[in-house]
Amino acid sequence: MDGHDMLLSPAGVEALRTALTRAGFTSNGIATRLGAQATGGVARNDFRAALRATEDRDPLDTLIRVFVCEQTEPEAAVAAALAPLSLDEALAGGLVERHGDGLRMGVDLEPYGDDWWVLADVPASARPGRPLHSEHVLGIGGATQTLIGATVRRPVEAALDLGTGSGVQALHLATHARRVTATDVSARALRFAATTAALNGQDWELLRGDMVGPVAGRRFDLVVSNPPFVVGPGTTTHVYRDSGRVGDAIGAELAAAAPGLLTEGGTMQYLANWVHVTGEDWAERVTGWFDGTGLDAWVVQREVADPMAYVNLWLTDVGEAADPRRAAAWLDWFDAHKVEAVGFGIVSLRRAGHDTPVVRVEDLRQRVEPPLGDRVDAWFDRQDWLRARDTDGLLAARFRAADDLQLRQEATMGDEGWAVDRQVLAMPHGLRWTEEIDPLVLALVGGADGRLPLRDQLALLAAAHDVTPGELAEAAGPIVAHLVERGFIEPVAG
């Protein structure tokens, strides 16, 4: 996009970058200036220590006070901090705005990562009582960070960010994709994204349109999306939140579009909400999204909210929490459709080119070891490994238990001492899965030291448990596949 599609002129963007760099207005620069205590306070929206640490009012102090601490500062100090960007252009572009007898931030200019900046709208919390613009552009929130952490970061040729908003996902894609395309239905969002790209010296293809519409017929190696996934009656008041689709249809729509967007071996990942309907299995509902796609799918549910908490969250997010009619209408819609809860999670799809795609939809609400994207990539790799082996291939493979795998036992004291009630395998790292197992599976995992093929392991176990090796092999096949899928045991190369 050309300079007319940005908040500032190309020269203005260059001048702003010069000002920010010269002042040291970066994540590290701010943390160094404020110190640990004040930095921690800022994270909790407690600006007291940060304001005390920036009383000298040099350019970095002024930028921190305006764009981090949300203060109104004297015009002369702000003009000096933004130089060589002219104050006239900063005001015209909305970077700052007049307030009282000084200037305050007009946009959220957030230092991010080691040396990036992201431009977005000022959050509702910083302008209490002022309604959000219908095309409000979000900054870096919790959902944004979730998708960033979950994205597979293999080097790719072409990547796509659907619904780019301020451009945060595209910033990350550009670190491992040769070409980045980003779309948004909002022209206003694309202005912010174009400015974010230019300010960070990046060049993306930016296209306006609803979801996949602008890229119909094109394919990408990696597609990511933090779409307007909020579940409701299909009313659109804020485009970052509302898709205009009824219920959770946006998640199903993206799943259906995925086969036409991905190259062979390509990956698509997006955030989604789905409804939990009384009397129905939510996992079956979401599994149905992928029928006929031919794609491997792994969906993990990270959170679940009841309707009241869900409605309050999203009304507060846009500054409408004090409108009881909006809340009542939304809750009535949930009641009419027997929605008892709303799930939130991550959908990861891969076009692996197999006749029998693997689809898993499951809860993953425990804390996981970052980055989740590496775990997602490894999950798909394990599926490929399993699919490439028939029963004989599985029996010929050698396995070893995962590093630091733990066994946890629950026991009850009786007349004859401790009696074990439950035995649970636990992974203290990675996805931190836990799995209740029986003594036979425990013996299988305990013997997985990488030396014996599975066939020989099972023969020893069969003799010890008075069953035939054939019977044990038949029963063990799905169990071993599950243990591999979860990462409890790993195939040994060679």
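This is a short chat about a predicted model of one protein chain.

Biologist: Hi! Before we zoom in, how many helices and strands does the protein chain have?

Modeller: Hello! This is a predicted model, and its protein chain has 18 helices and 18 strands.

Biologist: And what box do the C-alpha atoms fill?

Modeller: Taken along the principal axes, the C-alpha atoms fill a box of roughly 85 × 50 × 45 Å.

Biologist: What percentage of the residues is buried?

Modeller: Of the 494 residues in the protein chain, 49% are buried.

Biologist: What about contacts, how many join residues at least 24 apart?

Modeller: If you take contacts between residues at least 6 apart in sequence, 67% of them join residues at least 24 apart.

Biologist: Let's go inside. Which residues touch the most other members of the largest nonpolar core?

Modeller: That core has 156 residues, and the ones touching the most other members are F25, L95, M268, Y270, F290, F334 and F399. Strand β9, residues 262–277, gives the most to this core, with eight residues.

Biologist: Pick F399, then. What is F399 in contact with?

Modeller: Leaving aside neighbours within four places in sequence, F399 is in contact with several residues, including W385, L394, A448, L454, V480 and I489.

Biologist: Oh, a cavity! How many cavities of 30 Å³ or more does the structure hold?

Modeller: The structure holds one. The largest cavity has a volume of about 40 Å³.

Biologist: Switching to pockets: what volume does the second largest pocket have?

Modeller: The second largest pocket has a volume of about 330 Å³. Of the 20 residues that line it, R375, M427, G430, G487 and E490 are the closest to its centre.

Biologist: Which element gives the most to that pocket's lining?

Modeller: Helix α14 does, with four residues. Elements supplying at least two residues each are α14 (372–387), α18 (469–486) and β18 (489–491).

Biologist: And how do the lining residues of the second largest pocket divide?

Modeller: There are eight nonpolar, three polar and nine charged residues in the lining of the second largest pocket.

Biologist: Last one: where is H176?

Modeller: H176 sits in the loop between α8 (168–173) and β6 (177–184).

Biologist: Why does H176 count as buried?

Modeller: H176 counts as buried because its relative accessibility is 10%, and buried means under 20%.

Biologist: Which side chain does the side chain of H176 make a polar contact with?

Modeller: That partner is the side chain of R153, at 3.0 Å. Beyond its neighbours within four places in sequence, H176 is in contact with V152, R153, R154, P155, V156 and L222.

How values were computed:
Residues numbered from 1 in each chain as written. Predicted model: local features only at pLDDT ≥ 70, side-chain atom pairs only at ≥ 80, totals over all residues. Heavy atoms only, no water. 1 Å grid on protein atoms, 1.4 Å probe; cavity = no way out; pocket = protein on both sides within 12 Å on 5 of 7 lines; lining within 4 Å. Points joined across faces, edges and corners; volume = space filled by probe spheres on them. Nonpolar A, V, L, I, M, F, W, Y, C, P; charged D, E, K, R; others polar. Buried < 20%, exposed > 50% of the residue type's maximum accessible area, 1.4 Å probe, protein only. Polar contact = N/O pair within 3.5 Å; in protein donor to acceptor, adjacent residues only side chain to side chain. Contact = heavy atoms within 4.5 Å. Core = buried A, V, L, I, M, F, W, Y, C linked by side-chain atoms within 4.5 Å.
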